[in-house]
Amino acid sequence: MDTLAPITIRVTKRLASELRVKLTSAPSDESPTPLFHEWYAHILWIERRKCVLVTEANTLFSFLLTELVRRDFDRFPELLLTAARTSIWTLGFENIEFPLPDLQRVGFAPTKSRRVLGSLN
């Protein structure tokens with residue numbers, strides 16, 4: 001697995017606003033993205049608390065980040081990748097190779113896959 005490939009976090013407009021990020025278009029080639037290098041994220045509120053539902057684009061592996069505050073959104077890429085790794089390993093998949101996060105190569109892009117968005121709903 002290419003652990004040096006950039007990681008793309010595709011976010012909804014509401015989450016982009018909360019993150020205070022400008023969305024850039026990710027590479028448009030249709031080549032398959034390596035596992036765990038493309039994530040979708042959507043903000044929602046549960047009992048008036050901010051939460052983010054995160055889904056990996058290839059596997060549709062999902063998890064929920066709960067009770068987020070401003071400082072969590074300021075370090076969102078690190079939080080997402082750490083939570084993803086922890087969730088995968090907690091479920092007993094220790095042998096899955098997970099990319100080492102190069103936080104300088106994490107980009108935010110608009111959502112594009114209706115299949116992944118459908119799984120978020």
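This is a predicted model: local features need pLDDT of at least 70, side-chain atom pairs count only at pLDDT 80 or more; totals for chains, interfaces and linings use all residues.
Residues are numbered from 1 along each chain as its sequence is written, and side-chain values use heavy atoms, with hydrogens and water left out.

Ser87 belongs to helix α3, residues 76–90; helices (H or I, at least four residues) and strands (E, at least two) are DSSP runs numbered from the N terminus. Ser87 is among the buried residues of α3, buried meaning under 20% relative accessible area, exposed over 50%, and partly exposed in between (1.4 Å probe, protein chains only). Setting aside residues up to four places away in sequence, Ser87 touches Phe61 and Phe63, where contact means heavy atoms within 4.5 Å.

Two side-chain polar contacts are listed below. A polar contact is a pair of N or O atoms within 3.5 Å; within protein, one must be able to donate a hydrogen and the other to accept it, and residues adjacent in sequence count only if both atoms are side-chain atoms.

| Side chain | Backbone atom | Distance |
|---|---|---|
| Thr59 | nitrogen of Phe61 | 3.2 Å |

Thr59 sits in the loop between β3 (49–56) and β4 (62–65). Thr59 is partly exposed, because its relative accessible area is 40%.

The strands form an open sheet of five, ordered β4-β3-β2-β1-β5, with mixed pairing; two strands pair if DSSP finds at least two bridges between them. β4 and β5 are the edge strands, each pairing on one side only. β1 and β5 run parallel and are joined by five bridges, and Thr8 has Gly107 in β5 as its bridge partner. Helix α3 lies across β1, β2, β3, β4 and β5.

The largest nonpolar core has 27 residues, of which Leu15, Trp39, Val52, Phe63, Leu65 and Phe76 touch the most other members. A nonpolar core is a set of buried Ala, Val, Leu, Ile, Met, Phe, Trp, Tyr and Cys residues joined through side-chain atoms within 4.5 Å. Helix α3 gives the most to this core, with seven residues. Beyond its neighbours within four places in sequence, Leu15 contacts Ala41, His42, Ile43, Val52, Phe73 and Phe76.

Note on methods: Axes are lines fitted to C-alpha atoms, for helices over the stretch in contact, and angles run from 0 to 180 degrees between N-to-C directions.
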